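Work through the exercises below with the structure open beside you. Try each task before reading its solution.

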Protein chains: 2
Amino acid sequence: MLQSIDARTGQPYGEPWPESTPAQIDAAVAQAATAADAFAATSAAERAALLRALADAVQAARAELVPLADRETGLGLPRLEGELDRTTFQLRGFADVLEAGGAHPFLDEDTVAGAPPAGRPRMTRVRIPLGPVAMFSASNFPFAFSVLGGDTASALAAGCPVVVKAHPAHPGLSRQVAAIASKVVAAQGLPEGVFRFVEGGSIEVGVHLVQAPAIAAAAFTGSFKGGVALAKIAGERPRPIPFYGELGSINPLVALPAALEKDSASLAQSLAGSICLGSGQFCTSPGVIVVWKDAGGDAFVADLAAKLQALAPHAMLTGGIRGAFDRGIAAWRGHGQLTVLVDDAEASAAGTPRPFLAEVQAGDFIADHRLHEEVFGSAALVVRVGSADEVVALLKAIGGTLTATLWGVPAGVELPDEGTLGIVRAATQVAGRVLFSGVPTGVAVTAAQHHGGPYPSTTAPFTTSVGYAAMERFLRPLALQDAPGWLVAREGVPV
Amino acid sequence: MLQSIDARTGQPYGEPWPESTPAQIDAAVAQAATAADAFAATSAAERAALLRALADAVQAARAELVPLADRETGLGLPRLEGELDRTTFQLRGFADVLEAGGAHPFLDEDTVAGAPPAGRPRMTRVRIPLGPVAMFSASNFPFAFSVLGGDTASALAAGCPVVVKAHPAHPGLSRQVAAIASKVVAAQGLPEGVFRFVEGGSIEVGVHLVQAPAIAAAAFTGSFKGGVALAKIAGERPRPIPFYGELGSINPLVALPAALEKDSASLAQSLAGSICLGSGQFCTSPGVIVVWKDAGGDAFVADLAAKLQALAPHAMLTGGIRGAFDRGIAAWRGHGQLTVLVDDAEASAAGTPRPFLAEVQAGDFIADHRLHEEVFGSAALVVRVGSADEVVALLKAIGGTLTATLWGVPAGVELPDEGTLGIVRAATQVAGRVLFSGVPTGVAVTAAQHHGGPYPSTTAPFTTSVGYAAMERFLRPLALQDAPGWLVAREGVPV
């Protein structure tokens, strides 16, 4: 059963309702499959109009949607207003990209006379939509990574119908947004299968959806455990399908001594804020803070601890997420090599969590794989290092991560020293995004964005789930050899 | 043990030698890993120079290499001369692409002032090499898909060291080409780990290579069974890696009645030649010929059978490949719903195989999944259809294929009828390359090429193993946020 729960009180409200049955999921997928050819053949302008109409409809329902989201998630009105803005911004952004031809790259090479290998027929490279996409909503972004979030926007932009699975942490909001989406699809004169919606809290609903034969790809934002399990199922189908799983990461942040010499206090404030933002419920939340073993480092760590201590994260999204956070920090509390710096367990017991910070030496951190696992929430480890080489070893031990942040790398045109270069090199090798200022929370929606990263941060490191390149996940390249004039004239739009 | 075998006589010659030990494979991978950072940081011009020097060295050794290849593969001198040309052509082609900036796409977006979602930091999108690539050579292209073939060329172009596993069907040639490659790498002043070579006929060698922790990706051209097994191993590593498997396919060719009205005789000749080319040992060999049940179709099939009967394929690559071919056509001979059209089993017994052709009705073909499996060699099935809808159903039943060829689709600017449109649409959905004239054997090396296709023709349908987009398999996107001036100045070249 699905049930709205007030995130702040943990109390259910309203009536529960049943999750989608296997037959309902099959019907949704069948409708999406039926719509796939016609939707693939729509023009970029038609799909841009759909995306703009979806953005307008979400915007028009703002006064109704934001309070609903707030009650189910506890994320607070300002954050949710901003997240709704982001959602409409990216729907419209994909529309802009479509209108600029982004969905239909088209490389047309004329015949070359003569014998092979130089001589060849006319070759035309295009990309075609994969077909129906299963889209798994995230708990922590009820708008921007949910029913009409980036995955849905990018799949629709690509010309693929979507079957969205709602996240059970905000089931009432999901239904409302889905109803809006269906209404817009109908108003645009598109088949209803272009947008379908299923819901459920049990594992079976997601498994059934991924296993549905007509599903051509799946996009997922969520836990490592859930994502890896679904990726395996996607790979073991009779016809395996791409599984784009964004699984989160621990997002190392390296504070080079040079950075702390200048801005220690403001950096500590900014970092404490990033750790507590949204109660730490971001896949980009900084979980590992790398600080030199020197006086500047000592002062920064003390300052960070004091500033973190003063912050009060809000209620977490669900009791389950809160439980996992409490278990994660309990394990850290009991870890023999960690020195706890911030921990207010008693205050934490009263409804909202408290931030947690502990310190560990680089060698101990590197050697213990358990410390490389994400604790989802307002918690971080300070790792003290003695050299650039140790930072490189630490980054390589962490492996794949969505982001790595480096503070204090010289910003000008002159090359930094070898040690710093090595840190930059290692960061580019393990992360999907490397930041040279600011904090990793907050992911800009733009063409140059890459919100991805090597395993285990994602199951598909070549792809991004934020920004306009996200569309490429759903468009497969295809070569046409000696294509007829009418087909070339379509400039990559499928027939 | 490895052993050169004369493909035409089946007799071994020269001394056998041991395959690479696990320790030797580990050492090769370790050298590649050691070389990875320096090689990634080379300029495009340096890597272009390497590729051109490799092409020159292969060209210079032509008189020695081609006869060696001919004895081990039986493919014949003209074909092997052409294949060597193709190999040097694509090495130089990747050099051209490097010099034009193709390895370092670089999208630099300036800061946008203001609050998010519109406001954002400077974002720079680049691509970085993955690291050491395991490259599995193919049996059927001793030059172009082997030691210095397309996979190696594209990985080197991307800035990834390669560890090549030779194919045991041409072990002597592979050693010679590997020795040339190592000499060129040294002469270019690059670390020897940029090109490493392992060899072996046992499954263990390949498994050990794919499981080596420092290997970052694998490229494979070969059988469905072998490729799927290695893909599974790649996905089950503690750190899963991309596995680019090109597994072959049955390459349906649809002869619309309009095509046969005009050119029946020359099309039959061309198709018979394609079926027998290289003894049918191409992943693009046409295995399913779709012909209407009408008088034109009857005449074409009779003509095709007569022309095929007159052709004599040369010896196959190995006894194992020949055995699999014989078993495949034996199963077809015993299949109750096939009518054998060409089958000269007695002549076949004498050293070289004979072509095989049988006919089946569309309904029977669609219903029997065993008939959708590739028989590697000069063998094809003619499937008789009564309607465009039946062709669509047939294409969908086959599923993923490297190529689909459609003869008789109107070439002009006017749209064809709905039935033909449906066939074109279905072909684009199941194939990686759709041809509108000619035969599928022969794959042009060019930017617009896509030699890939949905599962089961490949394990990675978004990628190509022929043409310059092959390089993208080894370059992972990365976003730099507020990157320093010195890093932006590198324009995407790794540090």
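Domain bounds, as used below, come from an automatic or database domain assignment. The model is a predicted one.

**Exercise 1. Domains of chain A**

Task: Find the domains assigned to chain A and describe how domain 1 and domain 2 meet.

Solution. 
- Step 1. Domain 1 of chain A consists of two segments, 2–247 and 458–488, while domain 2 covers 252–435.
- Step 2. Between the C-alpha centres of these domains of chain A the distance is 33 Å.
- Step 3. Contacts link 13 residues of domain 1 of chain A with eleven residues of domain 2 of chain A.
- Step 4. Sorted by class, the side of domain 1 of chain A that touches domain 2 of chain A holds four nonpolar, six polar and three charged residues.

**Exercise 2. A parallel sheet in chain A**

Task: Give the strand order of the five-stranded sheet in chain A and name its edges.

Solution. 
- Step 1. The order is E7-E6-E5-E8-E9 (chain A), in an open sheet with parallel pairing.
- Step 2. Strand E7 (195–198) and strand E9 (243–246) of chain A pair on one side only, which makes them the edge strands.
- Step 3. On average, neighbouring strands of this sheet are turned by 15 degrees against each other, direction ignored.
- Step 4. Take one pair in detail: strand E5 (residues 133–136) of chain A and strand E6 (residues 162–165) of chain A run parallel and are joined by four bridges. A:Phe136 has A:Lys165 in E6(A) as its bridge partner.
- Step 5. Helix H1 (residues 22–40) of chain A lies across E6 and E7 of chain A and runs at about 170 degrees to E7(A). H7(A) also packs on the sheet, where it touches E5, E6, E7 and strand E8 (217–221) of chain A. The direction of H7(A) makes about 165 degrees with that of E6(A).

**Exercise 3. Chain A meets chain B**

Task: Describe the contact between chain A and chain B, and follow the sheet that includes strands of both.

Solution. 
- Step 1. Contacts involve 63 residues of chain A and 64 residues of chain B.
- Step 2. Several elements of chain A each supply at least two residues to the side that touches chain B, among them helix H4 (77–99), helix H15 (418–430) and strand E16 (431–435). E17(A) gives the most, with six residues.
- Step 3. The side of chain A that touches chain B divides into 36 nonpolar, 15 polar and twelve charged residues.
- Step 4. An open sheet of ten strands with mixed pairing has the order E12(A)-E13(A)-E14(A)-E11(A)-E10(A)-E15(A)-E16(A)-E17(B)-E4(B)-E3(B). Its edge strands are strand E12 (339–343) of chain A and strand E3 (107–109) of chain B. Neighbouring strands of this sheet are turned by 20 degrees against each other on average, direction ignored.
- Step 5. Look where the chains join: E16(A) and strand E17 (residues 475–481) of chain B run parallel, with three bridges between them. A:Arg433 has B:Ala479 in E17(B) as its bridge partner.
- Step 6. Within chain B, strand E4 (residues 123–129) pairs with E17(B) in the antiparallel sense over seven bridges. One bridge there has B:Met123 and B:Gln481 as partners.

Key
Residues numbered from 1 in each chain as written. Chains lettered and ligands numbered in written order. Predicted model: local features only at pLDDT ≥ 70, side-chain atom pairs only at ≥ 80, totals over all residues. Contact = placed C-beta atoms within 7 Å. Nonpolar A, V, L, I, M, F, W, Y, C, P; charged D, E, K, R; others polar. Pairing = 2+ DSSP bridges. Axes fitted to C-alpha atoms, helices over the stretch in contact; angles between N-to-C directions.
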